[in-house]
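Please look over the sequence and the model shown here before reading the report. How are two packed helices described? They are described by the angle between their axes and the distance between the axes.

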Amino acid sequence: MKGARAGDERAAIEPAAIARHLETTWLGRRLECFGEIDSTNTTARKLAEAGAPEGTVVIADSQRRGRGRLGRSWASPALRNLYLSFVLRPPLAPESAPQITLVLGLAAAEAVREWTDEVAIKWPNDLVSRGCKLAGILTEMTADDGRIRFVIPGIGVNLNSEPEDFPPDVREVATSLRMITGAPVDRARFAARLLNRLEVRYDLFLREGFAAIAPLWEGLAHLTGEAIVVQSQGERIAGTALGLADDGALRVRQSDGSERRIVAGDVTVVSGYRRSRATGAA
Ligand code: BTN
């Protein structure tokens with residue numbers, strides 16, 4: 001970009017700038033950085049189909065067709081934020097894929113906490129701050145014969161967006177790290193910090209199972225004991241969050257005393273998240 005300097009949050013993201021802060025063994029050791037592409041998830045999927053090794057990372061300066069969960073789009077203005085996807089080849093059954101998303105959400109929250117502690121995980125995979133959405137994760141999987149061939153997690157973190165960078169329909173419910181801290185964020189440095197945390201938490205998950213992740217996740221979600229409302233597959237479920245089940249499902253105690261396990265849906269914390277003051281409305 002004309003006039004951009006190295007370290008400038010508006011400069012194109014360069015592999016060398018990321019490598020400077022990278023402490024990983026396998027994640028991001030193959031790193032592909034692009035200007036504008038359709039979606040980093042699409043490119044990472046193509047690389048995976050072509051045999052790219054686990055840990056291959058794709059980053060773009062902007063996306064023409066950034067995708068979110070549930071068929072939503074993901075606003076991806078140029079040179080502002082982080083749009084990152086990577087290739088995982090977990091030795092797991094497809095049923096474990098939702099756990100992977102939770103693991104990555106924990107890692108992303110820990111990375112954000114190097115900039116601010118005003119962040120909470122919103123089940124299943126959003127990061128929220130001051131009631132607004134800061135980041136989202138879209139996990140796409142390809143499986144054959146009951147085994148995962150590869151998983152492509154795509155993570156979007158709003159780093160330097162200003163309110164006017166967001167589409168009008170999400171402006172009230174979206175935020176960026178810069179809006180929270182008041183300071184510009186070096187995208188390459190953030191990307192490296194994120195990759196560092198992702199590798200640590202994913203390795204822990206593979207080594208010790210989801211049981212090692214659940215308490216860490218719950219510590220950053222501030223959800224257990226809260227009154228919540230979940231919209232799940234057309235149903236509205238109200239109750240008290242009991243925490244995560246061993247498989248990553250959200251356990252909810254309903255007012256009649258019965259317990260529900262929620263595997264997909266959108267959560268609203270009735271009183272807002274304590275640490276992030278989030279309403280979950282993103
Ligand atoms: C969500 O909260 O709905 C998930 C948003 C995921 C957005 C990221 S940006 C990088 C990657 N590429 C995409 O097209 N989507 C994900």
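The report below takes up helix packing, a few individual residues and some backbone features of this predicted model.

## Helix α3 against helix α5

Helix α3, which spans residues 97-112, and helix α5, which spans residues 187-208, have axes that come within 8 Å and cross at roughly 140°. The cut-off for roughly antiparallel is an angle over 145 degrees, and α3 and α5 are therefore oblique to each other. The crossing in which α3 passes α5 is right-handed.

On the α3 side the contact is formed by Q99, I100, V103, L104, L106, A107, A108, E110, A111 and V112, and these meet F190, R193, L194, R197, L198, R201, Y202 and F205 of α5. Sorted by class, the residues of this contact between α3 and α5 comprise 13 nonpolar, 1 polar and 4 charged.

## Helix α3 against helix α6

Helix α3 also packs with helix α6, residues 214-221, at an angle of about 50° and with the two axes 10 Å apart. At that angle α3 and α6 are therefore oblique to each other, and α3 passes α6 in a left-handed crossing.

The residues of α3 that take part here are L102, L106, A109 and E110, which meet L216, W217 and L220 in α6. The contact of α3 with α6 holds 6 nonpolar residues, no polar residues and 1 charged residue.

## The buried side of helix α2

In helix α2, which runs over residues 40-49, the buried residues are T40, N41, T43, A44, L47 and A48. They cover an arc of only 165° around the axis, which puts them on the same side of α2.

Which strands are included in what covers these residues? Among the elements covering the buried residues of α2 are the strands β1 (31-37), β2 (57-63), β3 (82-86), β6 (132-144) and β7 (147-157).

## A buried and an exposed residue

L134 lies in strand β6, and because its relative accessibility is 0%, L134 counts as buried. Apart from neighbours within four places in sequence, L134 is in contact with V112, V119, L127, V128, S129, G156, V157, N158, T175, S176 and L177. V157, one of these contacts, is 23 residues from L134 along the chain, while the C-alpha atoms of L134 and V157 are separated by 6.1 Å.

E164, by contrast, is placed in the loop between β7 and α4 (177-181), and with a relative accessible area of 56% E164 is exposed. The C-alpha atoms of E164 and V87, which are 77 residues apart along the chain, are separated by 32 Å.

## Backbone features in the loops

Most residues other than glycine have a negative phi, and most peptide bonds are trans. In this model, a cis peptide bond with omega of about 0° joins W123 and P124, and P124 is found in the loop between β4 (120-122) and β5 (126-129).

Positive phi values are found for D145, near 50°, and for Q233, near 45°, neither of which is a glycine. D145 lies in the loop between β6 and β7 and, with a relative accessible area of 81%, is exposed. Q233 is located in the loop between β8 (227-232) and β9 (235-244), and at 70% relative accessibility Q233 counts as exposed.

Definitions and conventions
Residues are numbered from 1 along each chain as its sequence is written. This is a predicted model: local features need pLDDT of at least 70, side-chain atom pairs count only at pLDDT 80 or more; totals for chains, interfaces and linings use all residues. Side-chain values use heavy atoms; hydrogens and water are left out. Axes are lines fitted to C-alpha atoms, for helices over the stretch in contact, and angles run from 0 to 180 degrees between N-to-C directions. Helices (H or I, at least four residues) and strands (E, at least two) are DSSP runs, numbered from the N terminus. Angles under 35 degrees count as roughly parallel, over 145 as roughly antiparallel, 65 to 115 as roughly perpendicular and the rest as oblique. A crossing is left-handed if the near helix is turned anticlockwise from the far one by less than a right angle, and right-handed if clockwise. Contact means heavy atoms within 4.5 Å. Ala, Val, Leu, Ile, Met, Phe, Trp, Tyr, Cys and Pro count as nonpolar, Asp, Glu, Lys and Arg as charged, and the others, Gly among them, as polar. Buried means under 20% relative accessible area, exposed over 50%, partly exposed in between (1.4 Å probe, protein chains only). The arc is that of the directions from the helix axis to the C-beta atoms.
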